[in-house]
Amino acid sequence: MYLYRQYCPVARAAEIVADRWTVLIVRELLADVNHFNELERGLPHVSRALLVERLKRLERTGVLERRVLSHGKRTEYRLTAAGRELQKLIDTLGEWGARWSFGEPRPNELDPSILLWWIRRRVALHSIPQRRTVIEFDFRSARKQRFWLLLEPTEVSVCLKHPGFDVDVMVSADITALYRVFAGRTTLTEALHRKQVRLEGSPADLRAFPQWFTWSPMADAVRVATADRQEKA
């Protein structure tokens, strides 16, 4: 851990959370991602060794607690009171980023597996059908094109292979467009109107589809920042 050698609360806090990946690890933990493999899925470009080191540091500095479950076979990471207070930091950082540094997605940010993992976390379980529902995503121009979301009344899974059940809704999308919808830079209605996203399924499922997702927790901040920029343009 880099030590700034300054007797200042900002410096002390920066020593804990300002290293590469640490803020994103905290972001994931605040989203109730509590197991190592799930953290890896949400942060696929961080090495396992670095993720282990960052988690140990956050535990050592009192930001999280490590709990061993199931007779020692599984480890869970839970934020302490100090760690949960970082929600305010993440929210402020996200709002600042939306206002001052969040433009169009870069090509190297368009990873469909990360997007599906994020969408999975933002499914509104209270709004989805009370039956098994399979959504197939066909991403045009993405290297790996097809993914599936398996919606059950109490859980949601991302499938890299066909889950073996009939598909209820087919989503054909430009990967950039669906990222923009998720992030709040545009709406699903607008993307559908522009034919950047296409939906196929029963009329009932297609009517309900927009209510199945709550999109990014930063989407409201992005919408406000985008509207402000458009007003000033």
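Ala, Val, Leu, Ile, Met, Phe, Trp, Tyr, Cys and Pro count as nonpolar; Asp, Glu, Lys and Arg count as charged; the others, Gly among them, count as polar. The model is predicted.

**Exercise 1. Classify the lining of the largest cavity.**

Solution. 
- Start with the search: the whole structure holds one cavity of 30 Å³ or more.
- List the lining: Ile119, Phe137, Val171, Leu178, Leu188, Val197, Leu199, Phe209, Phe213 and Trp215.
- Apply the classes: the lining has ten nonpolar, no polar and no charged residues.

**Exercise 2. Check the span of helix H4 against its number of residues.**

Solution. 
- Helix H4 covers residues 48-60, which is 13 residues.
- The expected span is 1.5 Å times one less than the number of residues.
- That gives 18 Å, and the end C-alpha atoms are 18 Å apart, so the two agree.
- Past the helix, H4 is followed by Gly62, whose phi is positive, near 85 degrees.

**Exercise 3. Find the buried and exposed faces of H4.**

Solution. 
- Buried means under 20% relative accessible area; exposed means over 50%.
- Leu51, Arg54, Leu55, Arg57 and Leu58 are the buried residues of H4.
- They cover an arc of only 160 degrees around the axis, so they lie on the same side of H4.
- The general rule: an α-helix has 3.6 residues a turn, so residues three or four places apart point the same way.
- Identify the partners: the buried residues of H4 pack against helices H1 (9-17), H2 (22-30) and H3 (36-42), and against strands S1 (64-69) and S2 (74-79).
- Turn to the face away from the buried side: there H4 carries the exposed residues Ala49, Lys56 and Arg60.

Notes: Residues are numbered from 1 along each chain as its sequence is written. This is a predicted model: local features need pLDDT of at least 70, side-chain atom pairs count only at pLDDT 80 or more; totals for chains, interfaces and linings use all residues. Side-chain values use heavy atoms; hydrogens and water are left out. Helices (H or I, at least four residues) and strands (E, at least two) are DSSP runs, numbered from the N terminus. Buried means under 20% relative accessible area, exposed over 50%, partly exposed in between (1.4 Å probe, protein chains only). The arc is that of the directions from the helix axis to the C-beta atoms. Contact means heavy atoms within 4.5 Å. On a 1 Å grid over the protein atoms alone, a cavity is a set of points where a 1.4 Å probe fits but cannot get out, and a pocket is an open set with protein on both sides within 12 Å along at least five of seven lines; lining residues have an atom within 4 Å of a point. Grid points are joined across faces, edges and corners, and a volume is the space filled by probe spheres set on the points.
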